[in-house]
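Please keep the sequence and the model in view while reading.

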Amino acid sequence: MTETSMTETSLPAVDRPQPKPWIAAIHPYVPGKSTGTDGKVLIKLSANENPLGTSPLAEAARHVAGDQARYPDPDSVALRTALGALHAIAPDRIVMGTGSDELLNLAAQAFAGPGDEVLYVRYGFSVYDIAARRCGAAPVVAPDRDYGTDVDALLAAVTPATRVVFLANPNNPTGSYIGRDAVARLHAGLRSDILLVIDQAYAEYVAPGDDDGALDLAARAANVLVTRTFSKIYGLAGERVGWATGDAALIDMLGRIRGPFNLSLSAQATALAAVGDQDFVLRSRDHNARERARFAAAIAALGNHGLRPLPSEANFVLIEFGGALSAEAAYRALMDHGYITRWLPGQGLPQCLRITIGTAEQMDHIAGVLARLAGEAA
Ligand SMILES: *Cc1c(COP(=O)(O)O)cnc(C)c1O
């Protein structure tokens, strides 16, 4: 082969493998950044990670995970048993995923395909669009209500082609949350052949009295799947561990199409240790609740400058910028001060900045910077 033919870029399209059109239409997932445009490492408040790190027990387990030359337990039995004991769920109704991301994709793939619709609310988690398109289904987006989930709008968007409905509760990137009655009403309004996936990535941050009842629904309804993750409150985003629970037939189906050894040795060992340290989970929840409330109050005090913190039950706050200071200007200025946050023009939210709750000092610093910027812009 000559050098020119190797670098040829104008071959007719038919001379190369053709992705399926629904795959070619996918926009890649955009993860939270950790560096600024100049490559400087910044304090990362863009990916909703735990500012307290991870449980010391999980950290210790990482170094004694076992024999790396051997395959891990394909069924993550010890971990599923521990999760089952913690949440009062039979282990055979739990399936593990390489992050809950794998499970969200498998749920769409198992129950939807070309000609089908996958439904979620506007400003829903960006993985739902990818999951729908990956299996050839059409993503359908219902209108939001002031950035939050509108159950009536979701139900009105159901068609005979609807196969899967995704609900993140709390939702990312908005932080919005609907309570037990609203979730029950959504479920009751769906045909029984529609799978309702309730993505509870942030469930552990919700005040215990505000539980949305999703696990109860998953325990008794044949068409409800609940997903959870170790990436957020457990502080194990790097290990890629998620799980799902629902009717045994649902779990069996996802178990057939997941990766056979989808949880690595260290993923299983660290997650198992993390489940055993519920003190760490409670400390993380308390820290988050306290700092989120303080930060939201500081931002609400800038309401005269058009800043509005949207109500959040998660470990981040979405701020709407409706005055002279734009979200983009705030995003860039915070970078100059050493923080990377999440500006969301790609998700239809150019007027908003999502900021993960960090340490008390970080949140005070950021609130101070925003107050000064808002004052200067006025
Ligand atoms: C972070 C997040 C997840 C978790 O993804 P993993 O693959 O488990 O890391 C799932 N759903 C939502 C809404 C999230 O924000």
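Is Asp 129 buried or exposed, judged by its relative accessible area? In this predicted model, Asp 129 has a relative accessible area of 18% and is buried, because the limit for that class is under 20%. Its side chain meets that of Arg 133 in a salt bridge, with N and O 2.9 Å apart, and Arg 133 is partly exposed at 25%. Both residues belong to helix 6, where they are four residues apart, about one turn of the helix.

The side chains of Arg 256 and Asp 252 form a salt bridge of 2.7 Å from N to O; here Arg 256 counts as exposed, at 58% relative accessibility, while Asp 252 counts as partly exposed, at 38%.

Other charged pairs reach across the chain. Asp 144 and Arg 122 join their side chains in a salt bridge of 2.9 Å, N to O. This pair links distant parts of the chain, 22 residues apart, with Asp 144 in the loop between strand 4 and helix 7 and Arg 122 in the loop between strand 3 and helix 6. Asp 144 is buried, at 16% relative accessibility, whereas Arg 122 is partly exposed, at 39%. A network of salt bridges links Arg 145, Asp 150, Asp 152 and Arg 185, and the search of the whole structure finds 22 salt bridges.

Elsewhere, the charged end of Arg 354 sits over the ring of Phe 316, 5.6 Å from its centre.

At the level of the whole chain, the domain assignment gives domain 1, made of 30-51 and 279-377, and domain 2, spanning 56-276. Their C-alpha centres lie 26 Å apart, and the contact takes 26 residues from domain 1 and 24 residues from domain 2. Between them the two domains bury about 2000 Å², 57% of it on carbon and sulfur atoms, and the count of salt bridges between domain 1 and domain 2 is one.

Terms used: Residues are numbered from 1 along each chain as its sequence is written. This is a predicted model: local features need pLDDT of at least 70, side-chain atom pairs count only at pLDDT 80 or more; totals for chains, interfaces and linings use all residues. Side-chain values use heavy atoms; hydrogens and water are left out. A charge sits over a ring if NZ of Lys or CZ of Arg is within 6 Å of the ring centre and within 35 degrees of the ring normal. Domain bounds come from an automatic or database domain assignment. Contact means heavy atoms within 4.5 Å. Buried area is the accessible area (1.4 Å probe) that two parts lose on being put together, summed over both. A salt bridge is a side-chain nitrogen of Lys or Arg within 4 Å of a carboxyl oxygen of Asp or Glu. Helices (H or I, at least four residues) and strands (E, at least two) are DSSP runs, numbered from the N terminus. Buried means under 20% relative accessible area, exposed over 50%, partly exposed in between (1.4 Å probe, protein chains only).
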